[in-house]
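Subject: Structure handover

Hello,

Here is the structure I promised to pass on. Please look it over first, then read my notes below.

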Amino acid sequence: TVPELGISRKLGPFSGPEIGEEMSHGVLLEIPEDAASGVYTVRISLSDTQGIRRSRHRDFRVGGQ
């Protein structure tokens, strides 16, 4: 999610790997054409069927043309 840009996407559910194995998925983040230049924070949240939830925040920059 990036609330300032009106971006909210939900994907899944995904079937995961066995314990000890890694899994990765790419997600396309579509930035609106009228987004103001600046630094924004994307929040990435993952949860499982047992209710365990993890969130990470990452900054990204939108440049002007």
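A nonpolar core here is a set of buried Ala, Val, Leu, Ile, Met, Phe, Trp, Tyr and Cys residues joined through side-chain atoms within 4.5 Å. Buried means under 20% relative accessible area, exposed over 50%, and partly exposed in between (1.4 Å probe, protein chains only).

Some ground rules. This is a predicted model: local features need pLDDT of at least 70, side-chain atom pairs count only at pLDDT 80 or more, and totals for chains, interfaces and linings use all residues. Residues are numbered from 1 along each chain as its sequence is written, and side-chain values use heavy atoms, with hydrogens and water left out.

The core

The largest nonpolar core has 8 residues: Val 2, Leu 5, Ile 7, Ala 35, Tyr 40, Val 42, Phe 60 and Val 62. Strands S1 and S2 (53-62) are the elements that give it two or more residues. In general, nonpolar side chains tend to be buried together in soluble globular proteins. Leu 5 touches Ile 31, Pro 32, Ala 35, Tyr 40 and Phe 60, leaving aside neighbours within four places in sequence. Contact means heavy atoms within 4.5 Å.

The whole chain

The chain has 0 helices and 2 strands. Helices (H or I, at least four residues) and strands (E, at least two) are DSSP runs, numbered from the N terminus. The radius of gyration is 15 Å, well over the 11 Å that the globule rule gives for 65 residues, so the chain is more spread out than a compact globule. That radius is taken over C-alpha atoms, and the rule is 2.2 Å times the number of residues to the power 0.38. The C-alpha trace spans about 45 × 20 × 15 Å along its principal axes. Of the 65 residues, 12% count as buried. Among contacts between residues at least 6 apart in sequence, 36% join residues at least 24 apart.

Glu 4 sits in the segment before strand S1 (38-47). Glu 4 counts as exposed because its relative accessibility is 59%. Its C-alpha atom is 14 Å from that of Arg 58, 54 residues away along the chain.

Leu 46 lies in strand S1. Leu 46 is exposed too, with a relative accessible area of 58%. Leaving aside neighbours within four places in sequence, Leu 46 is in contact with Ile 52, Arg 53 and Arg 54. Leu 46 and Leu 11 are 35 residues apart in sequence and 9.9 Å apart in space, C-alpha to C-alpha.

Best wishes
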